[in-house]
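Have a look at it first, and then we'll go through a few spots.

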Amino acid sequence: MKYDFSARAHTLLSSQLPGYRLEAGRGAIISLAEELPAEELFPLSLLAETAASVISADANALQYGDPEGYGPLREWLLGDWLKEKHVIAGDGGLLLTTGSQQAIDLLTRVYIDPGDRVLVENPTSPGILQALRMQGAVIVPVRGDREGLQPDHLRSQIRLHRPKMLFCTPSFTNPNGILWSRRRRQEVLELCIEHHLLIVEDDSYGDLHFQRYGEPVAQRYPSLHALENVAEGGHVLYIGSFSKTVAPALRTGWAAGSRELVGMMTAAKQLADRQSSSLNQRLLHHLLSVSAFDLREHIQLLNREYKTRLKLMVELLKRPAWKNCGYDLPEGGMFIWVTLPEGLDANALLRASTAKGVSFLPGPLCSVTGGGGYIRLNFSHPGRDELLLGMNLISEAMTEFTARS
Ligand SMILES: Cc1ncc(COP(=O)(O)O)c(C=O)c1O
């Protein structure tokens, strides 16, 4: 039959997974395109032991659970992890979700009507853009620089478009790895409060900070949620995830904020999937609070390793083929956002590179205003050899373009 999809479903076609992602999944090409952590650093044996003891201890581990998520894991987050980050969520103010992507999806479902204007950092992550398009939002880009969103541009976009919401990732924006300064955080927060804008703050990458870790980071780069410091009726919904710090397959993220907002998301969640996997949430809780696993130490290990991989990628970017490219060195996250030489188009370079056996994310998937002059390179997932070979193959493709022009 001829399927008659909804108008909204057609927005999915604009960002369907490009074919190279499937090829990368089959191991056919080297991928510098993905948002994947390094699987050799997953806490495999501890998770295996955890799974055995959680499943054998209590048949309830396989039963339906609460829509808000497994109570002890929510308590662990509230009492330990989020408290350290000065994120306050009162009773009913924390929802466990199927990754932070579901938190984004649920929030857009309950907050956005078709035609509502939503501000985003430009560039921003493909997942945020897709969720907003699916909801029929009008996406309004805001310019940023090395310190974060530019307050003057934010102010003029607010006056011009009367938006309802701002989506942002102040700590290591995907794709460009920008870490907003404390001053910018404060300025953006104040502007949004003045204009009654809800802020969705995605902190999925915030712990991947290579320079330092712990209290000084939280003080120097506090979340917008922590800066506002309001439990009820606040302007910031704080979103996070265990995907980048433990393992994405556990599909556990969270949304913390006002009870009214989180309550509405919880109601929508019951339509979407009733609850996220309580088995996965029990595994995480056991791993974090009973087993010998120490999340803070584990994050330090990830950060040491990712910093080394980033260093290697930066060394490779110094080679002649890249001499007309630009980038800002990120202090964390998983990506380098590279400006291509004048006239070189990201999609054309991608086609040439995939023909040689390597992929990256072309800028247009992250951009509201074009993005053809940029590519995003992932350094967290490829091992040393893959990274060397992958970068050499992109260099070859780039050199061929330069020779032709
Ligand atoms: C900025 C950002 N937010 C959210 C997500 C979703 O991650 P997850 O659903 O695995 O927590 C991603 C994916 O990598 C991302 O890049």
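## The second largest cavity

Strand 9 (residues 236-241) gives the largest share of the lining of the second largest cavity, four residues. This cavity has a volume of about 80 Å³. Its lining includes Trp81, Asp203, Tyr238, Phe242 and Trp254, and by class it splits into five nonpolar, five polar and two charged residues. Across the whole structure, a search turns up three cavities of 30 Å³ or more.

Some ground rules: this is a predicted model, where local features need pLDDT of at least 70 and side-chain atom pairs count only at pLDDT 80 or more, while totals for chains, interfaces and linings use all residues. Residues are numbered from 1 along each chain as its sequence is written, and side-chain values use heavy atoms, with hydrogens and water left out.

## The second largest pocket

How many residues line the second largest pocket? There are 23, and Asn122, Pro123, Gly144, Asn176 and Trp337 lie nearest its centre. Strand 5 (144-145), strand 6 (148-149) and strand 11 (335-339) each give two or more residues to this lining. The pocket's volume is about 430 Å³, and its lining has eight nonpolar, 10 polar and five charged residues.

## Helix 3 against helix 12

On the helix 3 side, Trp76, Asp80, Trp81 and Glu84 meet Leu295, Arg296 and Ile299 of helix 12 (contact means heavy atoms within 4.5 Å). That makes four nonpolar, no polar and three charged residues. Trp81 also turns up in the lining of the second largest cavity.

Is His209 buried or exposed? At 2% relative accessibility, His209 counts as buried (under 20% relative accessible area, with a 1.4 Å probe and protein chains only). His209 sits in the loop between strand 8 (198-202) and helix 8 (215-220). Beyond its neighbours within four places in sequence, its contacts include Phe172, Leu179, Asn303 and Glu331. Its C-alpha atom is 9.6 Å from that of Tyr306, 97 residues apart along the chain.

Helix 5 (residues 126-134) has buried residues too, namely Pro126, Ile128, Leu129, Gln130, Ala131 and Leu132. They pack against elements including helix 4 (99-111), strand 3 (117-121) and strand 8. Just after helix 5, Gly136 takes a positive phi of about 80°.

Key:
Nonpolar A, V, L, I, M, F, W, Y, C, P; charged D, E, K, R; others polar. 1 Å grid on protein atoms, 1.4 Å probe; cavity = no way out; pocket = protein on both sides within 12 Å on 5 of 7 lines; lining within 4 Å. Points joined across faces, edges and corners; volume = space filled by probe spheres on them. Buried < 20%, exposed > 50% of the residue type's maximum accessible area, 1.4 Å probe, protein only.
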